[in-house]
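Please read the briefing below alongside the sequence and the coordinates.

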Amino acid sequence: IPIEKVILHKVRMKMKTPFKNSFGSVQEKEFFIVELADGREHRGFGESVAFSSPWYTEETVGTTEHIMNDFLVPFLLQNPVSHPREVTKLFDVIRRNNMAKAAIEGAVWDLYAKREGITLAKALGGEKNTVEAGISIGIQPSIKELLTVIGQYAAKGYKRVKIKIKPGWDIEVIKQVREAYPELPIMADANSAYTLADIEHLKKLDEFGLMMIEQPLGQEDLLNHAKLQKEIETPVCLDESIHSLDDVKNAIALGSCKVINIKIGRVGGLEEAKKIHDYCMEHNIPVWCGGMLEAGVGRAHNIAVSTLQNFVLPGDTAGSSRYWEKDIIEPEVTVIDGIINVPDSPGIGYNINRAALEKFTMNKKEFTL
Ligand code: OSB
Ligand code: MG
């Protein structure tokens, strides 16, 4: 795959409403759009997902910039690959920094698929033409407001609603949501807000028929998640604990979870995401695609990976208008009756809206060999 030029667009976009979870609030998203040019007509795009501060994982916009500029981009230019799956191996000499790796690896996949004239979904081995959309709702000022927001998304047909919880905003919240929406598929995401000492408290969630509870305990704590899963009926899903296929193998062997949330950025790219998907399928562990408040390019990658067979649960990928007045892709991602149609043009299947991208770009850096 000839890569003649790499362009890193540093972008800043303001979200319509702040997203609040157990560790803080985000309203401005800074990220990189990675653009690869093959010297012919094709351009591949990727999007970095790390936040400005290291509250979700250790990566930030600043570390992403450093690792891409000083290591990953020069590596890619100096070491031609013939298939995107080779990028993971190429980047393996750099420890972790998964989100920086994934932004570039994703762009290589897009470029590859466009050169082959196939969709990214097909290049990955996905077969679905539609994917189910779920929604993740941040912590609201009151239960009343939460119920209103849930009502809005339920009316649009979203296939499941994820509610952020933390100590003091949990049992009563879920109880009232369940009463107001007896049939709605709901789940809770704790973003590591609890410890094993909360086991009796977390057991109280069992009566509400949650699809799952996401990452209740510590980020590195596979052992205690296993202890918790033995005591509660609600399936445990891991998010922050999963950075690689090895993490997944450990989690499944220990019984730490019954579901896995795959985020392409967190696991270092599409190739690793695919391997995790395949391993989970062999072990009867359903997966779904998590979200990182992505703009359109990241959203498009999420949609493509969600076409793989074992993505059997609705993910966090909502329509572009969930967070953005104006997205950087066209057409924008739309959700109709809770369904996203997978685009059928080559690569990510959406065009870059150059005017919108320029408008949100703070600076641009070009690299050639
Ligand atoms: O824990 O899944 C999470 C957003 C930022 C960081 C972590 C998480 C989330 C979400 C929102 O839940 C997902 C989205 O709407 O993109
Ligand atoms: Mg989560």
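Is L293 buried or exposed, and how many other C-beta atoms lie within 10 Å? L293 is buried, because 21 other C-beta atoms lie within 10 Å, where buried stands for 20 or more such atoms within 10 Å of the residue's own C-beta atom, exposed for 12 or fewer, and partly exposed for the range in between, with C-beta atoms placed from the backbone. This is a predicted model, in which local features need pLDDT of at least 70 and side-chain atom pairs count only at pLDDT 80 or more, while totals for chains, interfaces and linings use all residues. Residues are numbered from 1 along each chain as its sequence is written, and chains are lettered from A and ligands numbered from 1 in the order in which they are written.

**Overall chain**

- The protein chain holds 12 helices and 15 strands, these being DSSP runs numbered from the N terminus, with helices of type H or I and at least four residues, and strands of type E and at least two.
- Along the principal axes, the C-alpha atoms of the protein chain fill a box of roughly 60 × 40 × 35 Å, and buried residues make up 51% of the 369 residues.
- Of the contacts in the protein chain between residues at least 6 apart in sequence, 71% join residues at least 24 apart, a contact being two residues whose C-beta atoms, placed from the backbone, lie within 7 Å.

**Domains**

- The protein chain is divided into domain 1 (5-118 + 351-367) and domain 2 (123-341), with bounds that come from an automatic or database domain assignment.
- The C-alpha centres of domain 1 and domain 2 lie 23 Å apart, and 38 residues of domain 1 are in contact with 33 residues of domain 2.
- On the side of domain 1 that touches domain 2, α3 gives the most, with 10 residues.
- By class, that side of domain 1 has 21 nonpolar, 9 polar and 8 charged residues, where Ala, Val, Leu, Ile, Met, Phe, Trp, Tyr, Cys and Pro count as nonpolar, Asp, Glu, Lys and Arg as charged, and the others, Gly among them, as polar.

**Ligand 1**

- The residues around ligand 1 are Y56, S136, D189, N191, D239, G290, G291, M292, L293 and D316, each having its C-beta atom, placed from the backbone, within 6 Å of the ligand.
- This shell divides into 3 nonpolar, 4 polar and 3 charged residues.

**Local backbone and loops**

- L293, in the loop between β11 and α11 (296-305), has a positive phi of about 55 degrees although it is not a glycine.
- N284, in the loop between α10 (270-282) and β11 (287-289), has a phi near 55 degrees, again a positive value in a residue other than glycine, and N284 is exposed, with 9 other C-beta atoms within 10 Å.
- The peptide bond from E330 to P331 is cis, with omega near -5 degrees, and P331 is placed in the loop between β12 (329-330) and β13 (339-341).
- E41 lies in the loop between β2 and β3 and is exposed, with 8 other C-beta atoms within 10 Å.
- The C-alpha atoms of E41 and R115 are separated by 9.1 Å, although these residues are 74 residues apart along the chain.
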